Amino acid sequence: MTLFAGSALLLWAGLVVWSVSLAQSEAEAVELVRNTTPDGAEFWVMPRKSELTYYPCAQCHKLIPPNPEVRKLFSPHPSELDHGDERIWCLTCHDIEDRNTLTNLLGESVDFDRAAEVCASCHMQRHQDWMFGGHGKRRGDWQGERVIYSCPQCHDPHTPTIKPRAPKPPPPVRKGLARPLHPEAEEYLSVWERLESDDHD
Amino acid sequence: MTNARSKRAASPASGMTRRKFIKRAGAAGSLAAAAASVPAVSAGAWGGETMQDAFGTFFQDQYKKMSPEEIEEALARIERRALRETGVRIKCENTPPIPGVVFGYAINISKCKGYRDCVYACVKENNLGRDSQMQYIRVLEMDRGTRNLEKADHYYDSEIVPQEGKYYLPVQCMQCDNPPCVKACPVEATWKEPDGIVVIDYNWCIGCRMCMSACPYWARHFNWTEPEVPAEEINPLTHYLGNRPRMRGVTEKCHFCVQRTRKGLLPACAEACPNGARIFGNLLDPDSEIRYVLENKDVFRLKEDLATEPKFWYFSD
């Protein structure tokens, strides 16, 4: 009973925090996060904190004692963790001491807006590509200030694989023409392939 | 000089516009025929245009030979015509190439999942005819481990993509540095701009489709019918060499969204790709993203043996 009441309270608190953060994000302009490549070239990253529903996490966690035991968490936390083949869990990336930040493998505290630095602890090569433009997505302009999306804006860190989805419709076929056969259809085979596939010998 | 220019314009090379002109003049002549064949909207002596506009379009020179004032007039005529025909106030520009910029494109085929979001973003941005079924981008589905373009599936329509054992390769105009389409054009209606984009002067095109047969990448498309775009879907920001309203009987193709990229924006397809598979930038800027890709990834181009030198690379990682 207390458990139920507790979770209801948490949910309510979460809702309040969410609505407050929504109102804030509408009022404020997006403040980009400055970054530099190892060569010193400047680039800007889309901020992440304004997108987080329950941020600041300490709002609830200041009332809950930290529990470092590896376990499955429930709402409002993501219930699924399909990342790193069970070698990692929440506190590998989330800081147990300062709930409002992340942590990398060196144990350093990392701001949510700089989440890419956490990903870089394992995915160094991808991170380098991302910094220089070989991975990830740029926003708006091809010239001028380089603004790119941060890792968690495309990959949910808890289930980072991009999920398959339906494609947009195929190109139309001109009126009066039949849609071409599938390229592996009998008619597209070469003579010898057709002869091989026949059973006439 | 002006005399020489107008003489050239009246030569048979401007066949497309002349054909229209004669048709309209004929329609005006025989009222009965006009009532039967010309839709009510474009009825009138000059197909709804003023005589000055009709003559102006008919005697319009090739884009590169027009003086700045003549170009201004041509742009104004295009805007007036679009307003009359669709009721939409478009802006037609001729933003010049940016000095020191040559555009290049790279696609990460391990990130392309075949969603075709780019195809439809392109249709929207470039005012491609909806009923004429024009699409600049084709996404090819092929078996992993093969690259047989002849056996690629253009019409894949599975429930979800990517399918197991398949990969996806988008094909569009490669903006070749040695473009065979330009060599094939008998009237020089298509040419390579200083920023590397191969463009078409739709008014100068005679619709012979030689460029289409010269292109090894299926990049050029022909307007068999008048391209029609619903008025509320028209993109009003247009470029003379890019997405301005086209007419029936001319060829068109991808132009790296010239109306966007010459103002510093990314092409619509690059902006639409949800996977960040499309990388666009200035090949002459050593710090650009495209240069990083070309220098650090194993890139390839399609049909490289034809020496067309496409400025369009593919890579996987």
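Let me begin with the largest nonpolar core, which has 63 residues, of which B:Leu169, B:Tyr240, B:Leu302 and B:Tyr314 touch the most other members. This is a predicted model, in which local features need pLDDT of at least 70 and side-chain atom pairs count only at pLDDT 80 or more, while totals for chains, interfaces and linings use all residues. Side-chain values use heavy atoms, with hydrogens and water left out. By nonpolar core I mean a set of buried Ala, Val, Leu, Ile, Met, Phe, Trp, Tyr and Cys residues joined through side-chain atoms within 4.5 Å, where buried is under 20% relative accessible area, exposed is over 50% and partly exposed is in between, with a 1.4 Å probe and protein chains only.

Five residues, the largest share of this core, come from α5(B), helices being DSSP runs of H or I with at least four residues and strands runs of E with at least two, numbered from the N terminus. Because domain 1 (2–89) and domain 2 (97–317) of chain B both contribute residues, the core lies between them; the domain bounds come from an automatic or database domain assignment.

As for B:Leu302, setting aside neighbours within four places in sequence, its contacts (heavy atoms within 4.5 Å) include B:Leu149, B:Met174 and B:Pro310.

Turning to chain A, it has seven helices and five strands, and 29% of its 201 residues count as buried. Finally, A:Cys57 sits in the loop between β2 (42–45) and α2 (58–61) of chain A, and it counts as partly exposed because its relative accessibility is 22%.

Conventions
Residues numbered from 1 in each chain as written. Chains lettered and ligands numbered in written order.
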